[in-house]
Amino acid sequence: MVPAMHRTRSRFAKRINRVATALERRGVAATYELHDRLLANRGARRRYAGEPPALDATQQRIVDHLRAEGYATLPLSELVPDPEVWTELEANAAQFVSETEAGLAAESAGGESELRRRAGKEFVVRKYAYGVRLGLDDPWLRLGLNRRLLDVANAYLEMWSKLEYVDVWYTPPVGGGERKSSQRWHRDFNDRHLLKAFVYLVDVDEDTGPFEYVPRTAPGGELESLWPWRPLGENYPPQDELAEKVADRAVTFTAPKGTIIFCNTCGFHRGGFATAKPRVLATFTWDSPASLKALSERNFVFESANGALDAPARFALS
Ligand SMILES: O=C(O)CCC(=O)C(=O)O
């Protein structure tokens, strides 16, 4: 039964949250539970237990805050002090911003562009979207595999994690109107063992669509039972009911360029409702092998030789 579910998984993954039937959802959820408890995640936990990362004080502080609240934030330079890393990321982001702004200008003049967007979340322009080939020459992929970040992810998830998603997003301002899709409060369906990071590449204030999060709503947190996380569950509750219950506990991440926010987005979050200024950020997802087997799809194909990588990084890409 499990192999059959695997074969259908990638077909589901593209449309899972919209049109999967109740029966399909039950099958995928059961496969996920099996992989989480017995199959895929067991080896990842064993590897982690056999070789736990030695965290320094900064990394430990991040993991402790994640465990307590579901998020942690700090300047990226505190976690990755090498100035060359930031210089390269910044130059790469500037190139993406200038190409994106040229594409948007062409579109508003009635022309065509090659900008990448994804159905259901068209308000974000993506550097990579899905199906891109990335190698170790890509500075964003390298950041997602950087042991300073990967060790935090693995320690928080208590297993060797998979790097599932790497991208840079440009969100043009919309002036106002209604919030759409992930601009509304939701839980991510990807996995129960989930960590995302957002690296702000511009200063983000209230008009730039800051990320927002309700602490302690991730599984294991005090507020986990509010419209609880389920594999492929109904992850967008009635917004007014949620706001009434917890919005006063939400944290709004207005912060300068260069800030990194780690977050377990199984908890309630929203963001990207840029009203007056474009928001630019890099985003990374680490999750468990069970997720990649049953619930989610990696957005990139790794194409370099991985001989230069250490074992946790090789695992993250496998
Ligand atoms: O764009 C944001 O701030 C939120 C993104 C989001 O909901 C997600 O990545 O799961």
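# Close-up views of a predicted model

**View 1. Strand 3 is mostly covered.** Strand 3 spans residues 121-126, and five of its six residues are buried. The model shown here and in the other views is predicted. Strand 3 has a partner in strand 2, residues 116-118. These two strands pair in the antiparallel sense, over two bridges. Look for Arg118: it stands opposite Lys121 in strand 3. Strand 3 also pairs with strand 5, which covers residues 162-171. Two bridges join strands 3 and 5, and the strands run antiparallel. Here Val125 stands opposite Tyr170 in strand 5.

**View 2. The hairpin of strand 2 and strand 3.** Two residues lie between the strands of this hairpin. Gly120 in the hairpin takes a positive phi near 95°. Most residues other than glycine have a negative phi.

View 3. Which residues are around the ligand? They are Trp169, Ser182, His186, Asp188, Lys196, Phe198, Phe211, His269, Gly271, Gly272 and Arg279. This shell divides into three nonpolar, five polar and three charged residues.

View 4. Start at Lys196. An N or O atom in the side chain of Lys196 is 2.8 Å from an oxygen atom of the ligand. For His269, a polar side-chain atom lies 2.9 Å from an oxygen atom of the ligand. For Arg279, the distance from a polar side-chain atom to a ligand oxygen atom is 2.6 Å. How much of the ligand's accessible area does the protein cover? On its own, the ligand has 300 Å² of accessible area, and the protein covers 97% of that.

View 5. Strand 7, residues 211-213, pairs with strand 10 over two bridges, in the antiparallel sense. Tyr213 has His269 in strand 10 as its bridge partner. His269 is also one of the residues around the ligand.

**View 6. Helix 3 has buried residues on one side.** Helix 3 runs over residues 40-50, and its buried residues are Ala40, Asn41, Gly43, Ala44 and Tyr48. Why do these residues lie on the same side of helix 3? They cover an arc of only 160° around the axis, so they fall on the same side. The other side of helix 3 holds Arg46, Ala49 and Gly50, which are exposed.

**View 7. Ser181 has a positive phi.** Most residues other than glycine have a negative phi. Ser181 is not glycine, yet its phi is positive, near 30°. Ser181 sits in the loop between strand 5 and strand 6 (194-200). Is Ser181 buried, partly exposed or exposed? Its relative accessible area is 23%, so Ser181 is partly exposed.

**View 8. Arg216 also has a positive phi.** The phi of Arg216, another residue other than glycine, is near 70°. Find Arg216 in the loop between strand 7 and helix 9 (239-246). Arg216 counts as partly exposed because its relative accessibility is 31%.

Definitions and conventions:
Residues are numbered from 1 along each chain as its sequence is written. This is a predicted model: local features need pLDDT of at least 70, side-chain atom pairs count only at pLDDT 80 or more; totals for chains, interfaces and linings use all residues. Side-chain values use heavy atoms; hydrogens and water are left out. A residue is near a molecule or strand if one of its heavy atoms lies within 4 Å of it. A polar contact is a pair of N or O atoms within 3.5 Å; within protein, one must be able to donate a hydrogen and the other to accept it, and residues adjacent in sequence count only if both atoms are side-chain atoms. Accessible areas come from the Shrake-Rupley method with a 1.4 Å probe; for residues, only the protein chains shown count as cover. Ala, Val, Leu, Ile, Met, Phe, Trp, Tyr, Cys and Pro count as nonpolar, Asp, Glu, Lys and Arg as charged, and the others, Gly among them, as polar. Buried means under 20% relative accessible area, exposed over 50%, partly exposed in between (1.4 Å probe, protein chains only). Helices (H or I, at least four residues) and strands (E, at least two) are DSSP runs, numbered from the N terminus. Two strands pair if DSSP finds at least two bridges between them. The arc is that of the directions from the helix axis to the C-beta atoms.
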